[in-house]
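I opened this model to look up how its ligand is held, and I began with the make-up of the surroundings before turning to single atoms.

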Amino acid sequence: MKQRILVTGGTGYIGSHTVVELQNAGYEVVIIDNLSNSNKDVLDGIEKISGIRPDFVEADCTNIESLRQLCKDYPGIKGIINFAASKAVGESLQIPLLYYRNNLMTLINLLEIMPEFGIEGIVFSSSCTVYGEPDVNPVDESAPIKKATSPYGNTKQISEEIITDYLNSKEGLKSIILRYFNPVGAHPSAEIGELPNGVPQNLIPYLTQTAIGVRKELSVFGNDYDTPDGSCIRDFINVVDLAKAHVIAVQRMLENKSERKVEIFNLGTGKGVSVLELINTFESATGVKVPHKIVGRRAGDIEKVWANPQKANNVLGWKAEIPLSDTMISAWKWQLKLRERGIM
Ligand code: NAD
Ligand code: WQD
């Protein structure tokens with residue numbers, strides 16, 4: 001019998017890639033998504049890649065009765081991966097209550113239904129944003145949590161605490177918290193990827209939209225940082241590599257291999273890449289030029305952050321494998337697919 005996993009936010013960017021990898025690994029997936037930042041066509045993309053259409057429930061995780069109904073309709077759920085959240089940092093400063101309500105109520109409801117329905121474990125999407133500007137790079141999981149600079153970032157910090165407090169109060173539940181660095185790229189088939197919503201705030205969608213001519217020019221936010229070329233440094237992790245780590249985390253939890261109730265892992269490549277290096281890598285991998293200009297710094301940006309992924313490498317046996325050049329090609333193929341579909 002296949003084990004059933006509930007994936008919240010499973011039609012979203014990282015969720016959809018993870019659903020494919022779960023299916024490839026033999027899990028049966030049920031997705032819950034309110035389609036606030038994705039659409040149902042993603043299910044077609046997933047089915048084209050894996051050959052399996054996941055079960056899908058259009059509902060809001062902030063409504064606990066919807067979650068209870070889902071668990072009755074799809075009995076035997078063993079684990080949850082919780083991607084569902086609002087994630088735009090800038091927007092969270094404008095409408096903080098939406099972020100606190102959506103991200104925290106979703107998590108609280110999921111934790112609450114776990115013992116009611118015999119669900120054993122939950123994997124949670126956290127972020128390197130919890131480290132703020134780290135004192136040392138590469139940053140490992142023991143680095144101090146810095147005061148959040150946005151309500152979005154704060155929801156991740158509070159969520160980590162809620163999970164820890166709740167699991168300490170309960171026997172038999174497990175959680176793995178995954179701190180992603182900068183997830184980028186798309187499935188190599190170009191059947192699924194990141195769906196742009198308005199003018200992109202993140203680097204890669206802005207870059208690919210510039211390369212295809214939707215945007216005139218990419219602005220590089222600052223070249224006067226204390227880095228070798230003056231632009232900021234990030235750890236760009238391929239979304240398929242990232243998705244695979246979730247499958248390993250689920251297996252670990254459900255096979256009772258976790259060493260403690262709550263485990264935390266960084267998911268990154270371990271390599272810092274500057275914004276200017278990234279543009280160069282894109283151009284040489286795809287042969288497509290990206291018009292860009294240097295502008296002033298963006299308020300609130302971290303100067304440099306990249307992961308020490310040793311714990312995930314050693315304990316999970318997971319390692320980022322896909323070269324950045326392939327990741328850039330996948331992002332470009334996805335942009336071309338969006339054009340073909342008339343979306344962008
Ligand atoms: P995404 O917006 O593409 O996916 C999130 C999905 O959740 C969307 O399909 C949205 O419709 C759904 N959703 C939101 N609120 C919901 C609710 N209340 N009920 C049901 N569905 C809901 O985002 P993503 O990039 O795939 O991110 C997934 C998770 O990873 C999020 O928790 C995000 O904070 C976290 N994360 C993302 C990044 C990143 O750079 N993309 C980095 C670190 C952490
Ligand atoms: C990357 C670099 C920009 C756009 C955000 C969230 C973080 C996490 C990941 C969820 C920066 C530069 C960008 C542009 C640019 N998300 N840039 N021109 O800021 O590292 O992190 O996403 O948890 O919480 O804050 O990602 O893609 O916005 O920026 O020069 O048009 O690219 O200054 O140095 P960031 P990003």
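Entry 1, the shell by class. I sorted the residues around ligand 1 in this predicted model and found eleven nonpolar, 13 polar and four charged ones. There are 28 residues around ligand 1, and those that come nearest are Asp33, Asn37, Ser38, Asn102 and Tyr152.

Which element gives the most to the shell around ligand 1? I found that it is β5, with three residues.

I looked up the distances and found an N or O atom in the side chain of Asp33 at 2.6 Å from an oxygen atom of ligand 1, while a backbone N or O atom of Gly12 lies 3.3 Å from an oxygen atom of the ligand. For Asn102, I noted a polar side-chain atom 2.7 Å from a nitrogen atom of ligand 1. I then checked the cover: on its own ligand 1 has 820 Å² of accessible area, and the protein covers 94% of that.

I turned to Thr11, which sits in the loop between β1 (4–8) and α1. Is Thr11 buried or exposed? I recorded it as buried, because its relative accessibility is 2%, below the cut-off of 20%. Its side chain makes a polar contact of 2.9 Å with the side chain of Asp33, and another polar contact, of 2.8 Å, joins the side chains of Thr11 and Ser38. Asp33 and Ser38 are also among the residues that come nearest to ligand 1. Setting aside neighbours within four places in sequence, I listed the contacts of Thr11, which include Ser16, Ile31, Leu35, Asn39, Val42, Leu43 and Phe56.

I counted eleven helices and 13 strands in the chain, whose C-alpha trace spans about 55 × 45 × 40 Å along its principal axes. Among contacts between residues at least 6 apart in sequence, 79% join residues at least 24 apart.

Key. Residues numbered from 1 in each chain as written. Chains lettered and ligands numbered in written order. Predicted model: local features only at pLDDT ≥ 70, side-chain atom pairs only at ≥ 80, totals over all residues. Heavy atoms only, no water. Near = heavy atom within 4 Å. Polar contact = N/O pair within 3.5 Å; in protein donor to acceptor, adjacent residues only side chain to side chain. Areas by Shrake-Rupley, 256 points an atom, 1.4 Å probe, with all protein chains shown as cover. Helix = DSSP H or I, 4+ residues; strand = E, 2+ residues; numbered from the N terminus. Nonpolar A, V, L, I, M, F, W, Y, C, P; charged D, E, K, R; others polar. Contact = heavy atoms within 4.5 Å. Buried < 20%, exposed > 50% of the residue type's maximum accessible area, 1.4 Å probe, protein only.
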